Amino acid sequence: MQYLYVRVVKAKELPPKDVTGSCDPYVEVKLGNYKGTTRHFEKKTNPEWNQVFAFSKDRIQASVLEVIVKDKDFIKDDFIGRVLFDLTEIPKRVPPDSPLAPQWYRLEDRKGDKGKGELMLAVWMGTQADEAFPDSWHSDAATIPSDGLANIRSKVYLTPKLWYLRVNVIEAQDLIPNEKNRFPEVFVKVMLGNQALRTRISQSRTLNPMWNEDLMFVAAEPFEEHLVLSVEDRVAPNKDEVLGKTVIPLQNIDRRLDYKPVNSRWYNLEKHVIVEGDQKKKEVKFSSRIHLRICLEGGYHVLDESTHYSSDLRPTAKQLWKPSIGVLELGILSAQGLLPMKTKDGRGTTDAYCVAKYGQKWVRTRTIIDSFAPKWNEQYTWEVYDPCTVITIGVFDNCHLQGGEKAAGTRDTRIGKVRIRLSTLETDRVYTHSYPLIVLLPSGVKKMGEVQLAVRFTCSSLLNILHMYSQPLLPKMHYLHPLSVMQLDNLRHQATQIVSMRLSRAEPPLRKEVVEYMLDVDSHMWSMRKSKANFFRIMGVLSPLVAVGKWFDQICHWKNPLSHADTAHPDELDEEFDTFPTSRQPDIVVAFLTGLYVLRHPRFRHKLPSVPLNFFRRLPARTDSML
């Protein structure tokens with residue numbers, strides 16, 4: 001896409017315009033009906049702006065570019081001078097050419113005569129691949145206030161590095177209950193940020209209770225929250241009393257890559273007592289302590305996406321990463337037929353942008369203002385470590401163009417999303433397709449438009465890809481020491497909450513509702529529609545068994561022919577008239593040995609899935625196309 005760029009660098013020797021012998025200068029860049037302005041300086045005759053303005057060539061309706069220097073005034077801004085450019089004379093710049101060097105231009109008055117003062121400018125025709133494009137003022141966004149400009153620019157985000165945190169609560173010693181005349185019912189409550197888990201009540205009703213229970217959390221680098229453990233006594237059905245508390249910084253916790261045991265440690269328990277009103281005083285009880293084994297698990301992959309369409313399957317620890325096998329290139333070209341998502345000045349409008357997520361890298365395109373057929377033409381790349389992964393592209397309507405207080409509380413509206421499984425792409429081939437944007441609404445399935453994408457997956461070696469098909473999908477720790485389904489669901493929920501919170505704190509933010517939609521936070525929620533679909537899917541699998549039952553019933557009622565001699569195949573007759581022992585190939589022996597292998601005792605099985613099973617699990621499915 002072609003753009004006209006104007007870089008306003010600085011001015012010198014500007015003539016004074018007020019009684020103080022100075023001026024308050026700013027620059028106005030005008031092209032037809034489009035007008036952009038720099039910030040103004042107070043009482044400065046040699047200002048420096050270094051601002052870039054970009055005008056879309058498709059919308060240019062003028063033949064002359066005006067760059068005007070003005071003096072800011074309370075009543076009416078004064079004209080200082082201007083520089084005119086004929087659009088047919090403006091040079092073109094094609095990267096990787098170096099940036100065009102700015103030049104000094106003498107300011108002219110309205111009659112075209114040379115006046116006082118000079119302005120340093122660079123003017124060129126370029127594309128959106130120009131390095132000046134991301135931070136420039138766009139003519140497309142001329143109506144957007146300055147505090148809303150950050151919300152319409154393209155940006156790249158990174159998911160924080162996530163760890164599973166395992167807390168093994170072993171035992172406590174020398175607890176001091178508040179009530180001396182009863183055996184304590186003690187449990188341990190562990191908190192990390194918004195995550196809170198507790199052990200069961202210890203079966204040993206003593207002052208030295210034991211649990212030996214594992215609790216799992218999700219932690220994100222940089223570690224901002226501390227791990228807080230409190231030993232509590234259940235004194236009544238809805239009343240718990242804290243017997244002691246300890247706070248552990250995550251920076252001091254051991255990290256492990258496999259299941260080798262880490263050293264356990266004793267931690268002293270502190271007790272808070274309330275004195276003089278609500279003032280809390282910390283009373284250190286060195287006699288009470290708790291025995292813990294805590295570690296950050298680097299051998300697992302922290303699941304923040306559904307396993308049906310994960311974009312990354314690597315373990316947390318970088319030491320366990322295998323080399324990349326290729327590069328994924330995505331061109332987000334345009335969209336067509338988008339529906340109006342909101343009303344402005346009595347008419348429907350859409351301000352669309354795209355978000356793409358693969359691995360730890362998120363990209364967000366710039367927002368195209370007021371268009372049902374926006375054109376982005378932006379290109380992004382990712383390293384690929386596993387071909388059996390999925391890239392997700394979502395289209396959203398930007399509801400934060402006003403910025404500041406006016407946009408507070410509004411949510412960006414989802415238009416639709418597309419998933420592409422890399423294993424369905426032929427390597428080194430460019431796929432350019434329009435993908436329908438389908439969403440499920442209370443009124444039913446609705447098409448919201450189409451998005452045009454260009455995708456290419458380039459691999460460095462075909463042998464590496466074939467080798468990946470023999471490997472398990474997830475890191476080995478998921479098979480050698482698996483987490484329960486309930487644990488994985490809870491941990492995935494915590495991981496998505498952490499990712500959405502961290503990305504929403506970036507500047508400009510990638511908003512919570514956008515991240516949750518891309519990660520399918522609500523995909524595990526039960527619904528009648530999904531249950532019905534699963535029921536019919538199971539019935540499809542069981543239908544051969546039903547057919548066998550019907551066939552057996554027909555046999556019982558003599559509804560099948562007694563002999564098939566008239567329809568026998570020559571191979572069947574050959575088998576019937578064969579000698580004993582057979583003179584044919586012993587296929588039956590192979591089948592028998594295969595059956596023995598499949599039905600072998602668990603003692604002779606391996607915890608990691610077999611190579612054929614890994615291969616079939618990695619074959620592309622249509623689960624990424626399901627609503």
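Modeller: Helices (H or I, at least four residues) and strands (E, at least two) are DSSP runs, numbered from the N terminus. Residues are numbered from 1 along each chain as its sequence is written. This is a predicted model, so local features need pLDDT of at least 70 and side-chain atom pairs count only at pLDDT 80 or more, while totals for chains, interfaces and linings use all residues; side-chain values use heavy atoms, with hydrogens and water left out.

Colleague: What is the mean pLDDT of the protein?

Modeller: The mean is 87, and 93% of the residues reach 70 or more. pLDDT is the predictor's confidence in each residue, from 0 to 100.

Colleague: And where does pLDDT stay under 50?

Modeller: Over residues 273–278. The model has 6 contacts beyond four places in sequence for that stretch. Contact means heavy atoms within 4.5 Å.

Colleague: New topic. Which residues form the nonpolar patch on the surface?

Modeller: Phe-535, Phe-536, Ile-538, Met-539, Val-541, Leu-542 and Leu-545. Together they have about 710 Å² of accessible area. Areas come from the Shrake-Rupley method with a 1.4 Å probe, and for residues only the protein chains shown count as cover.

Colleague: What are the patch rules?

Modeller: Patch residues have over 30% relative accessible area and no salt bridge. Like charges are joined within 9 Å, and nonpolar side chains (Val, Leu, Ile, Met, Phe, Trp, Tyr) within 5 Å.

Colleague: Where is Leu-545 found?

Modeller: In helix H5, residues 528–556. Leu-545 counts as exposed because its relative accessible area is 60%. The cut-offs are under 20% for buried, over 50% for exposed, and partly exposed in between (1.4 Å probe, protein chains only).

Colleague: On to salt bridges. How many does the structure hold?

Modeller: 29. Each is a side-chain nitrogen of Lys or Arg within 4 Å of a carboxyl oxygen of Asp or Glu. One of them pairs Lys-70 with Glu-28, with the closest N and O atoms 3.5 Å apart. Lys-70 lies in strand E5 (residues 64–71) and Glu-28 in strand E2 (residues 25–31), so this pair ties together parts 42 residues apart in sequence.

Colleague: Is that pair buried or exposed?

Modeller: Buried. Lys-70 has a relative accessible area of 19%, and Glu-28 has 6%.

Colleague: What does Arg-93 form a salt bridge with?

Modeller: Asp-130, with the closest N and O atoms 2.9 Å apart. Arg-93 sits in the loop between strand E6 (78–86) and E7, and Asp-130 in the loop between E8 and strand E9 (137–138), so the pair ties together parts 37 residues apart in sequence. Arg-93 is buried at 7% relative accessible area. Asp-130 is buried too, at 3%.

Colleague: How about Arg-366 and Glu-378?

Modeller: Their side chains meet in a salt bridge, 2.8 Å from N to O. Arg-366 is in the loop between strand E24 (361–364) and E25, and Glu-378 is in strand E25, 12 residues apart. Arg-366 counts as buried at 5% relative accessibility, and so does Glu-378 at 7%. There is also a network: salt bridges that share partners join Arg-166, Asp-214, Arg-256 and Glu-297.

Colleague: Back to E7 and E8. How many bridges join them?

Modeller: 5, between strand E7 (residues 103–108) and strand E8 (residues 114–127), running antiparallel. Strands pair if DSSP finds at least two bridges between them. Glu-108 has Lys-114 in E8 as its bridge partner. The two strands form a hairpin with 5 residues between them, and Gly-112 in the turn has a positive phi of about 95°.

Colleague: Which peptide bonds are cis?

Modeller: Among them is Glu-221 to Pro-222, with omega near -10°. Pro-222 is in the loop between strand E14 (210–220) and strand E15 (227–236). Another joins Glu-507 and Pro-508, with omega about 0°. Pro-508 lies in the loop between helix H3 (485–504) and helix H4 (512–518).
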